[in-house]
Amino acid sequence: MSLVKIQTNTHLPKRIILVRHGESSGNADRNVRGTTPTHKFELTEKGIEQAKQTGIRIKKLISENDNNWKVFFYVSPLERTRKTLREIGGSFPTRRVMGVKEEPRLRDLNFGNYHDPASIGKIQKERFTYGRFYYRVPGGETGAEVYDRISGYIECLRRDIEMKKFVCHDPCQETNIIIITHGLSSRIFLMKWFDWTVEQFEVLNRMRTGEFQVLQLGQGGEYSLAFHHDDKKLREWGLSPDMIEDQKCKAYGPTGVKWQGTCDSYPFMDCFAEDSDDENTLSKL
């Protein structure tokens, strides 16, 4: 059972949409990291346009087959995510917005203070070879510490869902949660949400700037990436064949029309003994 699977008899948000901010000055030029605090990186002109187009695409996705919907936004407090929110917001009339909350736990990995541009390449290489989950950026955080705060955020989100914070007065109205965050934070979110292991996290690829991932609610009460993203896109993001199969299972169920696989995706199951008619056989050896 997924850690974040909610009882199916409650009214759940139709979608949880993770958005990576548009291109920032730090993405376009690493030298900026030597002169500008990372939380103050602005969007480039390209990033502004990416954010506008993201808003248009998300609104189209939400409204294409239903005119009875609303959205709730969470946003990281960094300048590039806040600016992305403003550009995305241009696509959504105020009457469609249930609320907006700035959430500090969604912030990017802390890369420390100013960095000599010459050292950034060395740090990125070390981080890749050491492992992005455990590597500590000099003066900054590890991926494991990001996991801890994202986990806290998810537990609060889960509690808000269980308390029906996102339920509209109209029971037929669909709600959508849009989370504007960062490349690493979005991967950590997926890792926690779907109970992925550290090894599975390490092979994930981040979204491109301005890209988004849609977790849609299935009939069984679980969310899945498989409704809106095909196998090619999921492989691009680093999901293994087993992880993709599990997403399809969450979307369509083990007996669904589109999916006839199994839902057994628990790690470490291969370390246990094979089933036997006599369960006491091994203990007698």
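This is a predicted model: local features need pLDDT of at least 70, side-chain atom pairs count only at pLDDT 80 or more; totals for chains, interfaces and linings use all residues.
Residues are numbered from 1 along each chain as its sequence is written, and side-chain values use heavy atoms, with hydrogens and water left out.

Let's start with the whole chain. You'll find 10 helices and 6 strands in it; these are DSSP runs numbered from the N terminus, with helices being H or I of at least four residues and strands being E of at least two. Of the 285 residues, 49% count as buried, meaning under 20% relative accessible area with a 1.4 Å probe on protein chains only, whereas exposed means over 50% and partly exposed is in between.

Now please look at helix H2, residues 45-63. Its 19 residues reach 27 Å from first C-alpha to last, close to the 27 Å expected at 1.5 Å a residue, where the expected span is 1.5 Å times one less than the number of residues. Which residues of H2 are buried? They are Gly47, Ile48, Gln50, Ala51, Thr54, Gly55, Ile58, Leu61 and Ile62. These cover an arc of only 155° around the axis, which puts them on the same side of H2; the arc is taken from the directions from the helix axis to the C-beta atoms. On the face turned away from that buried side sit the exposed Glu45 and Lys60. The buried residues pack against several elements, among them strand S1 (15-20) and helix H3 (79-89), with contact meaning heavy atoms within 4.5 Å.

An unreviewed UniProt entry lists residues including Ser24, Ser25 and Arg80 under "binding site"; the positions use the numbering here, feature names are shortened, and annotations may be inferred rather than shown by experiment. Ser24 is in the loop between S1 and helix H1 (25-28), and at 2% relative accessibility Ser24 counts as buried. Leaving out residues up to four places away in sequence, Ser24 touches Phe41, Glu42, Leu43, Thr44 and Arg80. Ser25 lies in helix H1 and, with that same exclusion, touches Val32, Phe41, Glu42 and Thr44.

Last stop: where does helix H5 come in? Helix H5 (residues 143-162) gives the most to the lining of the second largest cavity, with 4 residues.
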